[in-house]
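Okay, thanks for making time, everyone. Let me put the structure up and walk you through a few spots on it.

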Amino acid sequence: MPLQRANFIGMAIAGAMIVTGFLLMLGGSSTTEAFNPDIFSVRRIVVGPCLAFLGFVAMAIAIIIDPKHLTRLIKK
């Protein structure tokens, strides 16, 4: 099997990071009648996208990394 259990665990963690990042970006929008200043909050324009991006990077690493090589690095 090309992917081991450690790969799938890493992919699950990365998937949770991506979903959390998108959830942090959710919120109400401004309308023509009322302006919502929350659309420019740090959580929605910095934290959420950064967490989602790091999740995508972690997903790529979880797919590519060889678990046998990782255990050798940890034991040293």
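**A salt-bridge trio, a pocket and a patch**

Let's start with Asp38, which is partly exposed because its relative accessible area is 32%. Bear in mind throughout that this is a predicted model.

So what does Asp38 pair with? Arg43 is one partner, and the closest N and O atoms in that salt bridge are 3.9 Å apart. Arg44 is another, with the closest N and O atoms 3.7 Å apart. That ties Asp38, Arg43 and Arg44 into a network of salt bridges, and a search of the whole structure finds two salt bridges. As a rule, side chains of opposite charge can pair when their charged atoms come close.

Arg44 comes in at 13%, under the 20% cut-off, so Arg44 counts as buried.

Ten residues line it, and the closest to its centre are Ala6, Gly10, Ile61, Ala62 and Ile65. Which helices supply the lining? α1, α2 and α3 each give at least two residues, and α1 gives the most, with four. By class, you get eight nonpolar residues, two polar and no charged ones.

Now look at Ile65 again. Ile65 sits in the loop between α2 and α3, and at 33% relative accessibility it is partly exposed.

Note on methods. Residues are numbered from 1 along each chain as its sequence is written. This is a predicted model: local features need pLDDT of at least 70, side-chain atom pairs count only at pLDDT 80 or more; totals for chains, interfaces and linings use all residues. Side-chain values use heavy atoms; hydrogens and water are left out. On a 1 Å grid over the protein atoms alone, a cavity is a set of points where a 1.4 Å probe fits but cannot get out, and a pocket is an open set with protein on both sides within 12 Å along at least five of seven lines; lining residues have an atom within 4 Å of a point. Ala, Val, Leu, Ile, Met, Phe, Trp, Tyr, Cys and Pro count as nonpolar, Asp, Glu, Lys and Arg as charged, and the others, Gly among them, as polar. Buried means under 20% relative accessible area, exposed over 50%, partly exposed in between (1.4 Å probe, protein chains only). A salt bridge is a side-chain nitrogen of Lys or Arg within 4 Å of a carboxyl oxygen of Asp or Glu.
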